[in-house]
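Take a look at the structure below.

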Amino acid sequence: MTARIGVVTFPGSLDDRDTQRAIRLAGAEPVALWHKDKDLKQVDAVVLCGGFSYGDYLRAGAIARFSPVMETLIEQAKAGLPVLGICNGFQILTEAHLLPGGMLGNDHLHFICRDQQLRVENAETAWTTDYTAGQEIHIPLKNMDGRYVADRRTLDELEAEGRVAFRYLGFNPNGSLNDIAGITNGAGNVVGLMPHPEHAVEPLIGSGRTDGLPFFTSILKKLVNA
Amino acid sequence: MSRTPLDTVEHAAKTPDVELPWAELGLKKDEYERVVEILGRRPTGAELAMYSVMWSEHCSYKSSKVHLRQFGEKAPQSDALLVGIGENAGVVDVGQGYAVTFKVESHNHPSYVEPYQGAATGVGGIVRDIIAMGARPVAVVDPLRFGAADHPDTKRVLPGVVAGIGGYGNCLGLPNIGGEVVFDACYQGNPLVNAGAIGVMRHEDIHLAKASGAGNKVILYGARTGGDGIGGASILASETFDDAKPSKRPAVQVGDPFQEKLLIECTLEAFAEKLVVGIQDLGAAGLSCATSELASNGSGGMRVTLDDVPLRDSTLSPEEILMSESQERMCAVVEPEKVDRFLEICDKWDVIATVIGEVTDGDRLEIFWHGGKIVDVDPRTVAHDGPVYERPYARPSWQDALQADDANKLARPATSEELREQVLKLVASPNQASKSWITSQYDHFVQGNTVLAQPEDSGMIRIDEESGLGVAIATDGNGRFAKLDPYAGAQLALSEAYRNVATTGAKPLAVSDCLNFGSPEDPAVMWQFAEAVRGLADACLQLGTPVTGGNVSLYNQTGEVAIHPTPVVAVLGVIDDVARRTPVAFQEEGQLLYLLGDTREEFGGSAWSQVVHDHLGGLPPAVDLERERLLAEILISASRDGMIDSAHDLSDGGLIQAVVESALLGDKGARLVVPDGLDAFTFLLSESAGRAIVAIPRSEELRFNDMCGARSLPATRIGVVDGDSVEIQGEFALTLEELREAHEGTIPALLA
């Protein structure tokens with residue numbers, strides 16, 4: 001038996017097929033979910049992928065958060081369903097208040113696409129157990145609104161509770177506070193990050209590294225062993 | 001508000017003496033008279049609108065047509081060509097049942113007026129051409145040319161263009177994998193913003209722009225129609241048609257990439273369910289173009305009710321609706337029993353779709369508005385029978401003097417120290433410097449199939465995950481070479497793109513071109529154009545790569561001064577297994593560097609002559625197409641058989657530029673020895689065509705040499721990958737650190 005992992009397509013989602021491929025390469029079964037459909041098709045986990053849902057015209061993630069699928073997802077995430085938000089998915093998770101803080105435009109005001117070095121800060125979430133804490137990895141980053149911000153209290157809380165999951169190393173590509181690239185909720189089932197692990201799963205493609213694959217193998221192991 | 005009576009066909013027939021604003025709409029007197037002759041009466045306002053946009057230079061190719069015919073007449077025999085010139089884009093067979101469509105277009109003029117939207121909608125337009133063929137778009141490329149890098153206006157135009165391309169392409173989810181950025185004062189008032197796209201489909205999924213089958217429905221879907229992009233709207237909105245209109249409409253369209261993304265997905269879903277008989281995107285000339293082309297390519301008859309077109313602005317006149325270039329719209333022809341399902345799919349994607357007409361038995365295109373017939377034409381006369389001009393052309397009087405001003409006579413560096421300084425200046429010059437500040441604003445990862453992206457010699461996309469089948473694309477053009485000799489310049493553009501594709505290991509298959517020139521009314525420009533087309537057609541025939549389509553952009557000039565003639569050539573190639581691709585970066589210390597091809601003293605139009613002497617004169621490098629073909633075959637074989645680990649084509653900036661790029665990308669230095677028979681200056685900086693450098697594992701040296709020897713390709717061992725500097729033995733050394741600072745610092749310092 002393998003795990004079934006859902007990938008939600010919103011209008012303007014871009015990396016849905018790439019994310020499905022990454023799930024397949026890790027050995028799990030990808031399941032396409034549709035934003036207008038409240039039914040999560042009994043998947044074991046969900047990935048909200050990157051893109052520009054609703055064109056990001058209002059504010060990244062602000063409209064997608066009200067989609068029918070999100071009603072069920074918010075409810076189930078609170079009950080423990082593992083959810084990974086990548087880039088636009090991370091933005092949707094903050095808009096949905098499943099993760100604290102929010103994203104502003106990059107401080108340099110340009111879209112930025114690069115192979116970004118990160119440090120894994122928390123290797124105990126549902127999506128990061130195949131990493132080790134302190135591990136340095138390269139994951140492609142590509143966004144317009146990637147500057148993570150939160151009030152001081154939230155930041156202190158995230159730091160104190162070890163909920164900063166990934167930090168930018170060497171170069172902060174967007175002005176994120178505390179160099180934050182990704183965070184987790186307190187329970188460790190909901191994780192969001194700006195870089196794109198699904199673009200680092202094959203040696204030949206994209207960045208040419210496979211540093212992103214452990215996201216998908218971590219969750220698979222957790223689900224299969226559960 | 002008082003309205004003049006609706007200008008129906010009937011009304012036009014009864015009022016032959018009404019004066020129409022044909023001149024303001026850009027028609028010449030004889031062209032207008034031809035319209036009257038075709039119709040046997042004066043045209044209605046709506047008919048005039050259609051003829052004026054469809055017979056424009058942009059849509060009808062009236063100045064270039066007589067020359068472009070050569071691409072068909074001289075087309076090489078190619079089994080790979082599935083759809084040739086004339087459709088929205090050409091289609092090439094790449095094997096395993098896959099077909100690839102690709103095309104390059106220009107969006108030059110709008111991008112100067114409004115850089116962000118001009119460039120954004122350029123991407124949008126080319127991508128719709130690709131969808132209209134039935135293909136899923138998989139990548140875009142952007143060949144760009146701007147004025148001097150340090151000119152204040154470049155700082156207005158370039159960041160806007162780059163942000164526009166990124167803003168649109170990134171939001172569509174298309175990796176940007178190639179292109180060029182060139183600076184030259186000749187493009188100051190006329191930047192060239194060319195955009196290319198590639199799409200992939202199965203052979204059986206090819207769709208064409210034709211409306212056949214009487215009773216089939218014509219469905220307009222996508223964005224609502226607004227008043228944007230109406231070229232001659234200020235005239236259309238004048239007294240002749242209606243007094244009460246706002247007097248100006250913006251001529252540059254505004255893009256909505258989110259809408260286009262939905263359009264891609266819903267169109268592909270409709271294709272997958274075989275719901276579409278014919279399809280056309282709405283680009284230049286909007287509905288005028290889509291209806292007349294669909295009808296004339298099919299059985300010929302179509303009836304359209306313009307009242308049914310969803311509008312963004314309810315005050316638009318029928319003429320404006322016909323001319324509007326609102327973006328993100330497509331027109332499909334669908335069998336009646338499939339209409340419901342088609343509309344359902346559009347609804348799923350929140351795309352507005354409306355039946356606006358149907359295919360008829362007749363051979364007339366009839367358009368109705370408020371119950372009156374306002375258009376009744378033979379659609380072929382609109383779409384295909386536009387005027388054709390034999391514009392006078394003549395070799396310019398200054399051409400001889402330009403060619404006599406020999407760059408080989410320019411002062412050369414006298415000492416090793418001077419040579420070192422000139423090399424450093426060269427790799428830091430805006431044209432030779434790293435463009436990563438620009439390309440990092442484009443997503444090149446999305447879709448998860450990008451094998452190579454800029455600054456590699458060609459962009460490469462995997463199209464089959466199982467077999468590893470992939471396609472590569474490179475675009476090149478050198479306006480300086482073309483100015484010195486347009487015939488050779490066009491051939492050199494093709495040679496370079498062809499070589500770039502082969503350098504990465506892919507076999508060149510087909511060509512698309514974007515021909516950017518000044519005013520066709522200037523005989524000197526027309527001569528440049530005629531020469532460039534002749535050169536390109538001859539070279540395509542010799543290399544066996546047919547031209548599958550492309551675009552002509554004329555009138556790129558300010559006052560009397562035209563841009564350098566700039567034919568931009570895109571070559572598409574195929575590679576059986578992308579795992580065999582060859583990257584630019586040096587991979588491993590100790591590998592041997594070989595120079596392939598012959599190096600001669602060729603400095604005319606070279607980067608060195610521009611950077612060091614601000615000079616343009618003499619002759620461009622000699623063209624040798626048979627050598628290009630041989631070099632390509634060797635590079636492809638060596639890649640397939642695993643004999644080389646990296647390769648880089650030699651072009652502007654010569655050998656040293658290539659070595660520096662490979663070294664910086666691989667973060668590994670090189671030690672070079674000047675070969676016997678060459679001086680260091682010529683070795684490093686000549687721009688002789690038909691050359692590449694390769695890095696070979698020592699274990700492969702013998703086999704590689706044997707192959708080159710057997711095929712008579714000159715291969716010279718010039719050094720080794722080693723250390724943390726680029727050293728020319730007995731001359732000078734430059735550390736990777738200082739090279740990196742010089743090469744990567746220039747563009748951010750000028751533009752960031």
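Begin with strand β22 (residues 592-596) of chain B, which is mostly covered: four of its five residues are buried. Buried means that 20 or more other C-beta atoms lie within 10 Å of a residue's own; with 12 or fewer the residue is exposed, in between it is partly exposed, and C-beta atoms are placed from the backbone. Helices (H or I, at least four residues) and strands (E, at least two) are DSSP runs, numbered from the N terminus.

A word on the model itself. It is predicted: local features need pLDDT of at least 70, side-chain atom pairs count only at pLDDT 80 or more, and totals for chains, interfaces and linings use all residues. Residues are numbered from 1 along each chain as its sequence is written, while chains are lettered from A and ligands numbered from 1 in the order in which they are written.

Back to β22(B). What does β22(B) pair with in the antiparallel sense over five bridges? One partner is strand β25 (residues 692-696) of chain B. There, B:Leu592 has B:Ile696 as its bridge partner. Strand β26 (residues 715-721) of chain B also pairs with β22(B), antiparallel and over five bridges. In β26(B), B:Ala715 stands opposite B:Leu596. Two strands count as paired if DSSP finds at least two bridges between them.

Now move to an open sheet in chain B. Six strands form it, in the order β14-β15-β16-β21-β17-β18, and the pairing is mixed. β14 (450-452) and β18 (547-553) of chain B stand at the edges with a single partner strand each, so one side of each has no neighbour in the sheet. On average, neighbouring strands of this sheet are turned by 20° against each other, direction ignored.

Look at two pairs in this sheet. Strand β16 (residues 470-476) and strand β21 (residues 566-575), both of chain B, pair in the antiparallel sense over seven bridges. B:Val574 in β21(B) is the bridge partner of B:Val471. β17(B) and β18(B) run parallel, joined by six bridges. Here B:Val511 has B:Val547 in β18(B) as its bridge partner. Is β18(B) enclosed or left open? Seven of the seven residues of β18(B) are buried, so the strand is largely enclosed by the rest of the structure.

Next come the helices around this sheet. Helix α20 (residues 523-543) of chain B lies across β17 (507-516), β18 and β21 of chain B, and runs at about 175° to β17(B). Axes are lines fitted to C-alpha atoms, for helices over the stretch in contact, and angles run from 0 to 180 degrees between N-to-C directions. Helix α5 (residues 65-73) of chain B meets α20(B) too: their axes come within 9 Å and cross at roughly 5°.

Helix α19 (residues 486-503) of chain B holds B:Ala497. With 30 C-beta neighbours inside 10 Å, B:Ala497 counts as buried. Setting aside neighbours within four places in sequence, its contacts include B:Ala474, B:Asp476 and B:Val571. Contact means that the C-beta atoms of two residues, placed from the backbone, lie within 7 Å. B:Ala497 and B:Val511 are 14 residues apart along the chain, and their C-alpha atoms are separated by 9.3 Å.

Helix α7 of chain B is another covered element: 18 of its 18 residues are buried. B:Gly134 follows α7(B) and has a positive phi, near 105°.

In chain A, A:Phe10 sits in the loop between β1 (4-9) and α1 (16-26). A:Phe10 is buried, with 27 other C-beta atoms within 10 Å. A:Phe10 and A:Ala64 are 54 residues apart in sequence, yet 7.0 Å apart in space, C-alpha to C-alpha. The two chains also meet: 24 residues of chain B are in contact with 24 residues of chain A. On the chain B side, α8 (152-172), α10 (257-272) and β14 each supply at least two residues.
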